[in-house]
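Hi everyone, thanks for coming.

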Amino acid sequence: LLCGMVPANSQASSTLADKDSAVSTVIADEGNNYVMTGPSGTKLLVKSISSAEYKEMMSLMYPNGIVDEQGQEIGAVENFKEVRANFIAQHMKAYSVQGTEKTQVPIIPFAITLPTQFVGDIETIFYKTSVNGDNFVFPSEWGQQGVGFIHLSEREIFLAFTDAGIWRIDPVTMTAGKITADTYQGKSIAEVREDLKNRLGEHLAWIGSVDISPDGATVIYRTNRDTDILNDTSIWKIDLDTMEEEQLLAPTRHNNMVGFLSDNCAVVGSTENTRMVDVDSGKVIALEFPVVPNFHIDDVGGGKVAFSSYASDKPGTTVYVSQVDKVTGSVIELARVTGHIGKLIFSPSEDKVAIEYGTDHEKKTDDIVIVDTTKNIQVLLSNISAKRAASTAQNQKEGKIDITNFCWLNNDTLLLEQETYSTDNDNTTFLKVMSASEEKPYDIIFG
């Protein structure tokens, strides 16, 4: 059986429900947040630098502004590098989360220098912390860091990558070891790059789209180093046990990575020629999607795929959440959501999907739909809100709410980053909580 997936029975699209069964807790918080889970189930909430904090930092580095009235650049303070480094260090934080409590934990900075082709060596600051014996590593300024970063923290796998290769970070020694080879087909990386330039012209060989299988056994990535056609790329895999590296899919035009459907099954081709490939056997099966305009796969996981479509002459997008049939490659619709669609994320169990959503053409996305494929329901968060008020004691007026980001803390808890703008002034405040109903509100925790 390809990829070990279970066939699905056809189900009708889920219905919109005004109930709180899809999520039990909604947290409203400010900042740029990331969630990591340790091998023993510990939860780490990383607060990176938010947009508001970047603005504050710039005001410290450029107290007189960046340009004057004539458009001339105004210089930064003399010690701007020190000011910047100190500000980042003071505002990067991490918290251990247990139930409804979060506790700040100490983080240890360390530097890793990695080579790139475009700008030479890049020194990137990372942080290490431990919670109940579980080790975590994450980059400083996560979301704006200078190198690629991906993790499977449940297995303490932390990878940094550039266009020149992939490195695994050891959370104990706080060092990085390269896992991609330095030679290919008997040639050094420099020779491979020179060959590519001779074939394609002034184009650098690169590595990107790095992903880790859910069981932590395999790393796959996309590269152009072995192609003879400009826009073609290949997919390679690395066995993390043996460290053997080999080509998984030969170069072709639509080899952009989507993600892992299951432990040993990856999906490639987000807009055309979508296939699932068994990373162990190399067997490939084409996925059979319905013919829809402007098709695009948004995410995969747990044997499911979420893809979107929109009409070029009409506003709005439809997202389809579907189960993949392991034998035929057909996709069986479980739910669909139509409106202005933004970010989409599967829950940790991969049986729920959170979709940034809106119906107002001007506001675009200002809400979230939770699709629960197990219970066959959709929950619109604004429909189950009892109050949508700014979280200041002085001003409880209804304001304009923007969802700036969101993520799953666990399978029943959604972390929202929201800003509420007062209609009377330009001050920004943050929502405390969105309640499920008057009778059964969501738990209010560290919001």
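First, some ground rules. This is a predicted model, so local features need pLDDT of at least 70 and side-chain atom pairs count only at pLDDT 80 or more, while totals for chains, interfaces and linings use all residues. Residues are numbered from 1 along each chain as its sequence is written, and side-chain values use heavy atoms, with hydrogens and water left out.

Let's start with helix 2, residues 80-91. Helices here are DSSP runs of H or I with at least four residues, strands are runs of E with at least two, and both are numbered from the N terminus. The expected span is 1.5 Å times one less than the number of residues. For the 12 residues of helix 2 that gives 16 Å, and the end C-alpha atoms are 16 Å apart, which agrees.

Which residues of helix 2 are buried? They are Val83, Phe87, Ile88 and His91, where buried means under 20% relative accessible area, exposed over 50% and partly exposed in between, with a 1.4 Å probe and protein chains only. These residues cover an arc of only 125° around the axis, so they sit on the same side of helix 2; the arc is taken from the directions from the helix axis to the C-beta atoms. Their packing partners are strand 4 (43-48), helix 1 (51-61), strand 5 (93-98) and strand 8 (122-131).

Now the spaces. Of the 40 lining residues, His151, Asp299, Ile345, Phe346 and Glu350 lie nearest the centre of the pocket. Several strands supply at least two lining residues each, including strand 10 (148-152) and strand 27 (331-346).

Finally, histidine 340, which is found in strand 27. Is histidine 340 buried or exposed? It is buried, with a relative accessible area of 12%. Leaving aside neighbours within four places in sequence, its contacts (heavy atoms within 4.5 Å) include Pro315, Glu356, Tyr357, His361 and Lys364.

Key:
1 Å grid on protein atoms, 1.4 Å probe; cavity = no way out; pocket = protein on both sides within 12 Å on 5 of 7 lines; lining within 4 Å.
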